Amino acid sequence: MKSAKTLSVIACAAAVLAAGCSTKTSTVPHDPEPTTAPVAPESIVFDWQSAYEAKLNEFKASPDFSEGLSGSMFDLMDLNADGTPELIISPDITPDSKCSIFMSVGGNITEAGTAGANGYFSYIPDKKLIGYTYTGQAFEVSEFSALEEGTIIVKDSFYNNRSSLSSGGVMKYQRNGEDIRIADYEKALTEYNDMPSVSAGRKYSFDAESVNYALHCSESWSAVINSKQKQAAMTTLLDLAKTADTDTAFELFDIDRDGIPEIIVSEGAFDTALCRVFKFGDKNLPDEEDSDQLVTHTVLNETCSLESRKGTVYADTVNKAVFNPDSEGSAAYSADGKTVEGFTASSSLAVCGRKYILTPEAIKKVLN
């Protein structure tokens, strides 16, 4: 299902753009070979798709569902690195809102448990850990869990009530229910919080177009893009990873819905972090050894660079554009970097840019 002819190609990463959109191109020649018909992402079938679609429909019909970007959203993420994504449903963004995590085994869906606060949690891929912090009245709880044998299991927990001091309470710092020194508490918790992570739970709206894209396109790209595109993406991303911060992330997302994903690179998980958009293409250029001959080159254009909301941008799958909802006027851009005039966001939205941490291991796994 993921077979393709092997083609050799070397791509060069485009230089970092300032906020705004423009075009830079990296081209790489390869020996001409017959091309095969493109594979449609919807033609790739996984045994979890029907089960997850049924669960999403079931939740949407329940009283826990609510509309809007502060309402219900969902996500797909492989939390135990077994090659099958889990379905994560976030009811809303209230402080005590936990995500429900479902997994599929042979097409049969089971609930693994709940995790998170404010409708989301952090996932630390290097440790395969789910982490979140809940702040209540006069106390704070942090938990780090793992999905093991079909269940969410807490591996490490932290508690403090330092905010109760103003009311005369006795200050406590605990790890796994045992009192510890403040310094040890802060050191241990900081080690977790400093690990590169991605946010999980609130990626896709429940609109029909978003659900269709998530279930039938988002996990299919390694079987869709051809070998020269994979090598172009591999070389570019590996080159970017050499100088990237540890919290730099990336994602393959089909912004213009043409069946070929763009690559979005996020430079960090902070407001105003740049998200850079790269687009695949082909171009005929003179052969290096014989200028009278034209050779097909793989082209990787960096078409757009825009400021983000905590390292992510929104993709509108109906209007085929990306935008930062926090930017003035919510300027939107197409996959080829053009401003979308008169843009008004639809309800079919996905939060993009931070699906995978930009490490050599993740790059090779995604582009296998």
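Where is the place of serine 43? Serine 43 sits in the loop between strand 1 (24-29) and helix 1. Helices (H or I, at least four residues) and strands (E, at least two) are DSSP runs, numbered from the N terminus.

This is a predicted model, in which local features need pLDDT of at least 70, side-chain atom pairs count only at pLDDT 80 or more, and totals for chains, interfaces and linings use all residues. Residues are numbered from 1 along each chain as its sequence is written, and side-chain values use heavy atoms, without hydrogens and water.

Serine 43 and cysteine 217 are 174 residues apart in sequence. Their C-alpha atoms are 8.9 Å apart in space.

Methionine 171 also lies in a loop, between strand 9 (151-160) and strand 10 (173-175). Both loop residues are tabulated here.

| Residue | Relative accessible area | Class |
|---|---|---|
| Serine 43 | 46% | partly exposed |
| Methionine 171 | 35% | partly exposed |

Buried means under 20% relative accessible area, exposed over 50%, partly exposed in between (1.4 Å probe, protein chains only).

Four strands form an open sheet in the order 2-3-4-5, with antiparallel pairing. Two strands pair if DSSP finds at least two bridges between them. Strand 2 (73-77) and strand 5 (108-115) are the edge strands, each pairing on one side only. Five bridges join strand 2 to strand 3 (residues 86-90). Aspartate 75 has isoleucine 88, in strand 3, as its bridge partner.

Helix 1 (residues 49-60) packs on the sheet. Helix 1 touches strand 2, strand 3, strand 4 (99-105) and strand 5, where contact means heavy atoms within 4.5 Å.

Notes: Axes are lines fitted to C-alpha atoms, for helices over the stretch in contact, and angles run from 0 to 180 degrees between N-to-C directions.
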